Amino acid sequence: MLIPNLIALTLLLLKVIKGSLLAFSPSLPELNSGITTTILGYSDNSPLLKTQHPPYLQKVDQGLTLTLGVYLAIQVQRGLLPLPLIIFALFIGLLLLLACIDWFYLILPNSLNFLLIILGLSTSITLFGHGLIDVLVRCSCCYGTLWWVQALYQALRHRPGLGLGDVKYLTALASWFTIEQLCTLILLASLTALTFYLCKHRDLNSLNSITIPYGSFLSVSAMYCAYLFFPDLLDIY
């Protein structure tokens with residue numbers, strides 16, 4: 001029964017992510033200053049990802065989502081869907097959602113960062129055996145250090161180098177990963193972002209004039225690091 005449950009969980013996760021992206025519609029002041037309506041083709045009345053579907057298709061879609069949710073709830077109650085697997089799925093789902101939003105809008109919503117840190121605190125304490133004080137200190141140190149880094153960079157270069165959304169996102173990830181693991185995550189994300197944009201622009205100097213959705217690369221790196229560092233969450237057999 002594990003394979004059908006995994007398929008159902010994946011489908012539900014993808015449908016929730018899709019619905020969240022279609023419903024997400026930030027106002028223009030929330031967008032980073034480097035992004036304009038000309039670049040994104042965005043206006044208050046027409047969100048970038050908003051699409052229209054016939055009413056009957058919306059009903060079918062809602063019915064399928066409800067059916068999947070009920071089915072998975074029954075499987076959890078029967079003990080056929082391990083809790084660590086559900087937590088891992090929620091974690092990956094949040095990472096994917098944040099990656100897509102940052103890629104299209106160049107923002108990382110505080111609400112999703114807050115949800116990620118709450119889930120991370122619960123998981124670190126209950127499944128990873130970390131102490132609450134240790135996790136809170138780790139997150140505080142991460143936020144303080146990165147805040148000063150971005151403030152110092154802006155003071156020296158007179159332009160932002162790391163957005164506060166990225167700082168908050170990394171703080172949320174610090175509730176999941178240790179400092180050593182987080183350093184690996186940041187290194188992988190930075191190398192991936194640099195490689196991607198160098199291949200795209202072929203000129204290192206051109207990177208000074210573009211805005212990079214760093215949160216998207218952090219999400220991809222976090223997915224790999226989760227697979228690398230969280231074997232207990234994937235030990236389902």
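The buried residues of helix α5 pack against α4, α6 (132–157) and α7 (164–174). Here buried means under 20% relative accessible area with a 1.4 Å probe, protein chains only, and contact means heavy atoms within 4.5 Å. Helices are DSSP runs of H or I, at least four residues, numbered from the N terminus.

This is a predicted model: local features need pLDDT of at least 70, side-chain atom pairs count only at pLDDT 80 or more, and totals for chains, interfaces and linings use all residues. Residues are numbered from 1 along each chain as its sequence is written, and side-chain values use heavy atoms, without hydrogens and water.

Back to α5. Among its buried residues are Leu112, Asn113, Leu116, Gly120 and Ser124. Its 17 residues, 110–126, should span 24 Å at 1.5 Å a residue, and the end C-alpha atoms are 24 Å apart, which agrees. The expected span is 1.5 Å times one less than the number of residues.

Next, α4, residues 83–105. Its 23 residues reach 33 Å from first C-alpha to last, close to the 33 Å expected. Just after α4, Leu106 takes a positive phi of about 60°.

Last, the pair α8 (residues 179–201) and α9 (residues 214–229). Their axes, lines fitted to C-alpha atoms over the stretch in contact, come within 8 Å and cross at roughly 130°.

Terms used. Axes are lines fitted to C-alpha atoms, for helices over the stretch in contact, and angles run from 0 to 180 degrees between N-to-C directions. Helices (H or I, at least four residues) and strands (E, at least two) are DSSP runs, numbered from the N terminus. Buried means under 20% relative accessible area, exposed over 50%, partly exposed in between (1.4 Å probe, protein chains only).
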